Amino acid sequence: MSPIPRRSLLKAAAVAGAAAQFSWALGSRDATAAPRAENAGADPVTLDWLEDGGLGAAPGSTVGVPWPKGVHRDDQTFALTDADGRAVPVQSWPLAHWPDGSLKWTAHAVNSGTGKLTLTAGTPAAPEKKVTVDTRGGTIDISTGVITAKIAKSGATLVKSVTRGSTEIARNGRLVLLRQPEFEDGDQSTVRTERFDGTIDEVTVEQAGPVRAVVRVDGTHRKGRRSWLPFSIRLYFYAGADSFRMVHTITYDGTQEPGRASGDFIRGIGVRFTVPLRDESYDRHIRIGGDDTGLLREAVKGITGLRRDPGAAVQAAQFAGEKLPDPATWDQRVTTRLQYIPEWGDYTLSQLSADGFALRKRTKKGYGWIGAGGGRRASGFGYVGGVSGGLSFGLRDFWEKHPAQLDIRDAHTDAAEITLWLWSPEAQPMDLRFYHDGMGQDTFPEQLEGLNITYEDYEPEFGTPYGIARTSELLFWANESTPSAEELARQVEAVRVLPQLAAPPKQLIGAKVFGPGLFSAPDRSTPAKAKIEDHLDFLFTYYKDQVEMRRWYGFWDYGDIMHTYDTVRHQWRYDIGGYAWDNSELSPDLWLWYAYLRSGRADIFRFAEAMTRHTGEVDVYHLGKWAGLGTRHGVQHWADSAKQQRIANTTYRRYYYFLTADERVGDLMHANVDSDETFLALDPLRKIRTEPYTPDRHALSIGFGTDWSGLVSAWLTEWERRGPKWEKAKARVLSTMETIAAQPNGFVQGSGLYDLDTGKFAIAEEPVVGVSHLSAVFGLNELCAELIDLVDMPAFEEAYYDYCRYFNASKTEQAARYGSNFGSLILFQGHSRLDAYAAVQTGDGELADRAWDKFYNSDGYKESAPWQTEKVTGPTALVAGSEATWVSTNDTALYGLAAIENLALLGHRMP
């Protein structure tokens, strides 16, 4: 297909202008917006912690705060105070700018705080102990004022040492990878593994204080000549902290072929440190987290429970982790026999499922293990050390992202070794092979037949994990002595739920970010509003409960939810093609984030956080020929052959990034800036095209809905962040907006031929109606609301308002406006939010009335739905719990977004 001549541009623009003059509207233009929250302005902002307890034992926290247009200049500084008016040290930097150059989002790092904090324009207080970074030597030396870490610039050791004062607490921090080259089923296979060590390629200091320092380390795992499994590590240090945080990302680039036993099967992924030990073995302590804040509290050489009693004070001191009195003062029947008390040097806690962990120990290598207890869900926390210092360590989401494991080795020697296993070597190897043999689906027609029965879009060699990623978070404390039980409990709590400072909903609403007017605080002032709020609460609670009941946990799965329920089996359709894992289909990510933005609820934030971590890493390719594309919903997160922009959509990452300033999510968004290039690699419509088409750099077929919304979100974000490619990104935002608006039918045209070099769509010579029910349900409305607020482009506004007016219109009305109707559409309830948005923007009262009519009386969830669950038990279900057979994730996401946006925009006009 040849590109449409550009000389048609003026002609098409004239046609579009004429069409706008005669465009049909639904009645009088008397709709007004719901009363808006007051502009947030430059007033002080009260920040608070998502959960009780403040910062606790965590090293620090970083929060994103939005500001209305024009309030703060780019060079504005900020000050922070606590509830008593005392200055709190803070480090601030811009996250995003409005088009006029004023600050849109700012990030603020703090190293202390237990209650609410007040942020104002002003001069920041300096920390008593600043974090400093020294890059002059062979290592990068970071001092928090309490601990010093030496980070290597090359080699297989990432962290050379961690010291506190003059005491070395840990050294030789490194990454470990175990590969199993064969994975045979049956009972006669021979298991062998090989170890690869993480090796540094590049180290970058991203921040250097005074409150927060960040160092990024990139590399691969190597053995001999082979180098694979790229990693990206960030280390976070805060002023005055005795701890640091690690964000650990791996990207899978191995080979696993369906039906073959040989391949790159990961047997273990670990982070390992050596911990020097100086104390007598009876003054060395082991702490391992169990359920809740439970702990195994033991000494390497225990002197409690013996046949002879050393004395109550001695026993109590050892259990407390305190230095024991001189053995000469003990009962000599114990002192003279100390050499006969075993020293326990090795401990292992393995969490192979979400429902149980086992703990065991042994004296040393080569000797038998004994059980040391077990439980349900371990915290992922451990400690090894003594009265002269030791290392605490923890892996966040330990049981949720099973199989995980903690190892302590050689604690009876002068150097213990600890390993936090992100994938436990005691579990089955990581099997990422595609799950079936294709079943004869070798041609496009056969694959479409398969789609018609299982809803899976299969294509040979497309169900590959090559290029997917996963991010984990770890915490480490360099303790000057064995912490007290109370301090250990605080460290455990920081591992289980990392403290997060947050801006209040009032500020998020008043700053008019993420689409001005699209969300408002929960409102139960009328029965109708209260009923919708109840429904929103019901849906969130139901999914939260389903995660637990259905055990939607695991290293690759945690954070996602299922797509559709099987009412006969009383089970989600986990094994049926496109009905299994949801992979962001119809934007549940957006539903959750808007639910949080309006409410500030911690439980919603944590649910959305886990989903963002998952969908941005696992459901998207980061390496290989499909880098920048995501995978459609399926039995495995990478199984479906539909590799598309709509899943890689930067929109789904923006919320978490701007609320937390998370650098890893920032990486993911920046990586999408050139995602328009992916349309050269793969045609998303290759199986259903009726005309010949070969991807052409100057004429790429790109849809204005699911495709463009993914692309423009990446461009907009890069522009706002002033990223390395922001000028190109800004140009792409403006040029694509202009050339969509100039199409004969605007958004209704459906798609256009895009030029990678100019960033423009060719203008079609003839009007076409190309509307899909999917076009606007992957964040298009939310993005267009932002774009219209940011960019003064009347032609684009009218093109989008027209799309909003007519999607839910009758076929007769569509044909009267565009010459033909839009065909058989669905998802009218979800699209009611487009009616609401356009009604407010244009003042169209009848359109406002239609928004509520479509919300209540079309498809999706109705008021007549049960709005409750039913109990299920054995033998009907695998485990006892609840079900709502009428709930589907597509409907939930659309209802959630429509309810939130309609209430915000037209809550005062409810029927």
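Q: In which hand does H14 pass H15?
A: In this predicted model, H14 passes H15 in a left-handed crossing.

Q: How is such a pair of helices described in general?
A: Two packed helices are characterised by the angle between their axes together with the distance between those axes. Here, the axes of H14 and helix H15 (residues 726–741) come within 7 Å and cross at roughly 140°. H14 and H15 are therefore oblique to each other.

Q: Which residues of H14 and H15 meet?
A: From H14, the residues are Trp-708, Val-712, Trp-715, Leu-716, Glu-718 and Trp-719. They meet Trp-726, Ala-729, Lys-730, Arg-732, Val-733, Thr-736, Met-737 and Ile-740 of H15. By class, this contact of H14 with H15 has 10 nonpolar residues, one polar and three charged.

Q: At what angle do the axes of H12 and H14 cross?
A: The axes of helix H12 (residues 663–671) and helix H14 (residues 706–721) cross at roughly 120° and come within 8 Å. That angle makes H12 oblique to H14. The crossing of H12 past H14 is left-handed. On the H12 side the contact is made by Gly-666, Met-669 and His-670, and on the H14 side by Ala-714, Thr-717, Glu-718 and Arg-721. These residues divide into two nonpolar, three polar and two charged.

Q: How many residues of H12 are buried?
A: Seven of the nine residues of H12 are buried, and the helix is thus mostly covered. The buried residues are Glu-663, Arg-664, Val-665, Gly-666, Asp-667, Leu-668 and Met-669. At the start of H12, a side-chain oxygen of Asp-662 comes to within 3.2 Å of the backbone nitrogen of Arg-664.

Q: What joins the side chains of Glu-617 and Arg-664?
A: The two side chains are joined by a polar contact of 2.9 Å. Glu-617 lies in helix H9 (residues 602–617).

Q: Is Glu-617 buried or exposed?
A: Glu-617 has a relative accessible area of 1% and is buried. Leaving aside neighbours within four places in sequence, its contacts include Thr-249, Ile-468, Arg-470, His-622, Arg-664 and Leu-668.

Technical notes:
Residues numbered from 1 in each chain as written. Predicted model: local features only at pLDDT ≥ 70, side-chain atom pairs only at ≥ 80, totals over all residues. Heavy atoms only, no water. Axes fitted to C-alpha atoms, helices over the stretch in contact; angles between N-to-C directions. Helix = DSSP H or I, 4+ residues; strand = E, 2+ residues; numbered from the N terminus. Parallel < 35°, antiparallel > 145°, perpendicular 65-115°, else oblique. Left-handed = near helix turned anticlockwise from the far one by under 90°. Contact = heavy atoms within 4.5 Å. Nonpolar A, V, L, I, M, F, W, Y, C, P; charged D, E, K, R; others polar. Buried < 20%, exposed > 50% of the residue type's maximum accessible area, 1.4 Å probe, protein only. Polar contact = N/O pair within 3.5 Å; in protein donor to acceptor, adjacent residues only side chain to side chain.
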